Amino acid sequence: MTTDTTPGAAPTVRHEADPSGVPLLRVEGLVKHFPITQGIVFKKTVGQVRAVDGVNFELRSGETLGLVGESGCGKSTVSKLLMQLEKPTAGKVYYKGEDVTHLSGKDLRRLRRNIQIIFQDPYSSLNPRMTVGDIVGEPWEIHPDVVPKGQRSQRVRELLERVGLNPDFVNRYPHQFSGGQRQRIGIARALALQPEIIVCDEPVSALDVSVQAQVVNLLEELKRDFGLAYIFIAHDLSVVRHISDRVAVMYLGSIVEIGTEDEIYEQSAHPYTQALLSAVPVLDPVARSQKTRIMLTGDVPSPANPPSGCRFRTRCWKAQDICATDPPELVDRGQGHPVACHFAEAVTIVGGDTHVPEPTTDLSEPVETRASAKRRTGS
Ligand SMILES: Nc1ncnc2c1ncn2[C@@H]1O[C@H](COP(=O)(O)OP(=O)(O)OP(=O)(O)O)[C@@H](O)[C@H]1O
Ligand code: SF4
Ligand SMILES: [Mg+2]
């Protein structure tokens, strides 16, 4: 960690990689099941929503890990488990080699200083009754040692300037800003404690496309300047491509493929990743004309009653009998990166010539979807 102490300004910190090579964050067998209850007075548990079901990954110093998957696959639950906003049903989270899964009190506050979060909705994540200055400086009420009292108003102005906002707006309220500007306020607040890791939970999904690029560029600049590591969550592979060093693809509570940016975008080997990639728009007209769109059939199954074996099998065109009985492990089967598919096969999708055969299994098998699960359990 290096500290820049320009005279008159509060110190800013640049985090350096740990020479021992211990990952900044390590997640092992993370599981979160939410109970489904029935009854008003006497609540009875009638099932479990398996929001996260055995997730493993590492985040290294200064790295950006993209976490991608359809709505409801468990991305936000993973981020809440990392922040200790939810307690896991099973599994462990390690920060710099230390087990931080069940911290409380001052140890938890210390962890939260180092791991911050930016939320998807810049409209609801800022208190409408607080000024921007108070919002950005609020974390110092809990961690007063980060910036001495006398330097706080100057530091808030510096942070606003750093995220591209006019420091003279310090006394304005959130409703006086646009969506992109509010997200910048959220970023300034996340930076206030000089964290090492920022979990960005769909930080640009609610913004216009033109504003999305500006916010992503800002996050990249901040990463460079402060040596930050990001977990960058999105439901769209095109959004995470430019910012991520590695990408993990999630489906129904589990990671199905994880690899470097090149491995995922040029040599994806899981049918689900290939389907997501085939939906990414291609600007080059020649490549676009060669592109094959993989249309997934079937609904997303309910996480309360996921399919046996491979969870993707009810929508997979490559499924065989083994897929219904044996859950595929997330391992490297010769593709150079871990893939959870018995028939993993690296394919170049974007702009490439992809042959997608017809499904080999009967996809008419009834699948419990979120809507039908809701009807069944009444919750
Ligand atoms: N507190 C909770 N109680 C019960 N179920 C929950 C709770 N939080 C999340 N879930 C369920 O867990 C599953 C995963 O939710 P999560 O919010 O993590 O998904 P997500 O991938 O972030 O989705 P999105 O892209 O829509 O934000 C969903 O089926 C959701 O309904
Ligand atoms: S294991 Fe079977 S069902 Fe699952 S993705 Fe691979 S081929 Fe498809
Ligand atoms: Mg979410």
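Start by selecting strand β9: Ile197, Val199 and Asp201 point one way, Ile198 and Cys200 point the other way, and all of them are buried. Since 5 of the 5 residues of β9 (197-201) are buried, the strand is largely enclosed by the rest of the structure.

A quick word on what you're looking at: this is a predicted model, where local features need pLDDT of at least 70, side-chain atom pairs count only at pLDDT 80 or more, and totals for chains, interfaces and linings use all residues. Residues are numbered from 1 along each chain as its sequence is written, while chains are lettered from A and ligands numbered from 1 in the order in which they are written. Helices (H or I, at least four residues) and strands (E, at least two) are DSSP runs, numbered from the N terminus.

Strands count as paired if DSSP finds at least two bridges between them. β8 (115-118) pairs with β9 in the parallel sense over 4 bridges, and Ile115 stands opposite Ile197. β10 (229-234) is also parallel to β9, over 5 bridges, with Val199 opposite Ile231. To get from β9 to β10, follow the chain through helix α7 (209-226): this β-α-β crossover is right-handed, meaning that with the strands pointing away from you, the path from the first strand over the helix to the second runs clockwise.

Next, pick out the open sheet of 4 strands, in the order β4-β3-β6-β7 with antiparallel pairing. Its edge strands, β4 (44-59) and β7 (98-99), each pair on one side only. β3 (25-38) and β4 share 12 antiparallel bridges; find Leu25, whose bridge partner in β4 is Leu59.

Which residues are the closest to ligand 1? Phe34, Ala51, Ser71, Ser76 and Thr77, out of 13 that surround it (a residue is near if its C-beta atom, placed from the backbone, lies within 6 Å). Helix α1 gives the largest share of this shell, 3 residues.

Last stop: ligand 2. Around it you'll find residues including Cys310, Cys316, Cys323, Cys341 and His342.

Note on methods:
A residue is buried if 20 or more other C-beta atoms lie within 10 Å of its own, exposed if 12 or fewer, and partly exposed in between; C-beta atoms are placed from the backbone.
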